[in-house]
Structures are given as C-alpha cells and as structure tokens.
Amino acid sequence: MISTQTPERVELGRFFEVSAREIETGNTTPEMFSTAVDAAWHQLLSASEYATFCTQHAGQVFGHVSSSGAGKISWIRTYEEMFGPLSAIWFTDADGTVDRDAMGRYRATGEVWAEWNCSPAPEDPEAVPKRQKIATR
C-alpha cells in the first residue's frame, strides 16, 4: 500500500477532498499549482493503489488532465475552511526549494497567484461523489 504520510501525499489527499467539494458545488475545477504535490500525483497515477487513494479522499477516481493557465488560485478558501492554512509544501518545487516570496505573499494576503498546467477531472463526469470521510484539521 502507498503511504500517505509524506507531506506531498498528505496534501494531494487534501487537494482531492477540496476538488471533490469544488466540483460538487459547481465551482471552477481546482488548479494544481504545486510542483511538489503534482510530482506525488504523477507517482501515484501508475500505482495500483491510485483508485483507492482517490476514493478514500474524494469519493471517486480523478483523472489528471492538462489545464494550463495563470492567475488567482480559486480553491484556497475552501482548503482553509477544511484544513487551515496552506503548508510550505504548496510553495515547494520538485527539487525541494521553497518559493519564500510566493509563500510570504500568501501569508500576507490569503491569496495565491500562480501558474498551473493540470487539474483533476472525474473519470465518470456523471458520478456524484459520495464521500464517507469527514474532513478534519
């Protein structure tokens, strides 16, 4: 079984929970702006446990789709309501370097402005997520 204990995988699970809520309520599909969390997503995509991981966190399996853009990240408030402030891993690149300027702007304003190149998408767009897990901080 794949561990969800790395910071990247913990945050990927949270991102899936936020994504499920955003999609359920008809909001914009969440943007994946973290290189570190996206790298964990790519690792899990080919693992046999991927569907279980998705279902545990989102109540459904998400596909990984191209979705390029730049601007204000739409789901930050939902994340904060569910889990509190974003951790430093969201501002960390694949080499482990934290973008302290971006993290400082987030901490000062509560907003994240970033580029992204992918988003989650339900594998079955007609499926309505039925999450059993209750989000806790």
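User: What does "buried" mean here, and what is "exposed"?

Analyst: Buried means under 20% relative accessible area, exposed means over 50%, and partly exposed lies in between (1.4 Å probe, protein chains only). Take Thr 92: its relative accessible area is 8%, so Thr 92 is buried. This is a predicted model, where local features need pLDDT of at least 70, side-chain atom pairs count only at pLDDT 80 or more, and totals for chains, interfaces and linings use all residues. Residues are numbered from 1 along each chain as its sequence is written, and side-chain values use heavy atoms, with hydrogens and water left out.

User: What is pLDDT, and what is its average for the protein?

Analyst: pLDDT is the predictor's confidence in each residue, from 0 to 100. The protein averages 89, and 87% of the residues score at least 70. Residues 128-137 stay under 50. Where pLDDT is low, the predicted coordinates should not be read in detail.

User: How many helices and strands does the protein have?

Analyst: Helices (H or I, at least four residues) and strands (E, at least two) are DSSP runs, numbered from the N terminus. Here there are 5 helices and 2 strands. Their order from the N terminus is α-α-α-β-α-α-β. Of the 137 residues, 42% count as buried.

User: Where is Thr 92, and which residues does Thr 92 touch?

Analyst: Contact means heavy atoms within 4.5 Å. Thr 92 sits in the loop between H4 and H5. Leaving out residues up to four places away in sequence, Thr 92 touches Ser 34, Thr 35, Ala 36, Thr 97 and Val 98. A polar contact is a pair of N or O atoms within 3.5 Å; within protein, one must be able to donate a hydrogen and the other to accept it, and residues adjacent in sequence count only if both atoms are side-chain atoms. The side chain of Thr 92 reaches the backbone oxygen of Ala 88 at 2.9 Å.

User: Which residues of helix H5 are buried?

Analyst: In H5 (residues 100-109), they are Ala 102, Met 103 and Tyr 106. An arc is read from the directions from the helix axis to the C-beta atoms. These residues cover an arc of only 100° around the axis, which puts them on the same side of H5. Helix H4 (76-83) is included in what covers them. The face turned away carries the exposed residues Arg 100, Asp 101 and Ala 108.

User: What happens at the ends of H5?

Analyst: Asp 99 caps the N-terminal end, with a side-chain oxygen 3.2 Å from the backbone nitrogen of Asp 101. Just after H5, Gly 110 takes a positive phi of about 80°.

User: What does Met 103 touch?

Analyst: Beyond four places in sequence, Met 103 touches Ala 88, Phe 91 and Val 98. Met 103 counts as buried because its relative accessibility is 8%. Met 103 and Leu 86 are 17 residues apart in sequence and 8.9 Å apart in space, C-alpha to C-alpha.

User: Which side chain of opposite charge is nearest to Asp 38?

Analyst: Lys and Arg count as positive and Asp and Glu as negative; His and the chain ends are not counted. A salt bridge is a side-chain nitrogen of Lys or Arg within 4 Å of a carboxyl oxygen of Asp or Glu. Asp 38 lies in helix H2 (residues 35-45). Asp 38 is buried yet has no salt bridge; the nearest side chain of opposite charge is Arg 9, 12 Å away. A polar contact of 3.0 Å does join the side chains of Asp 38 and His 64.
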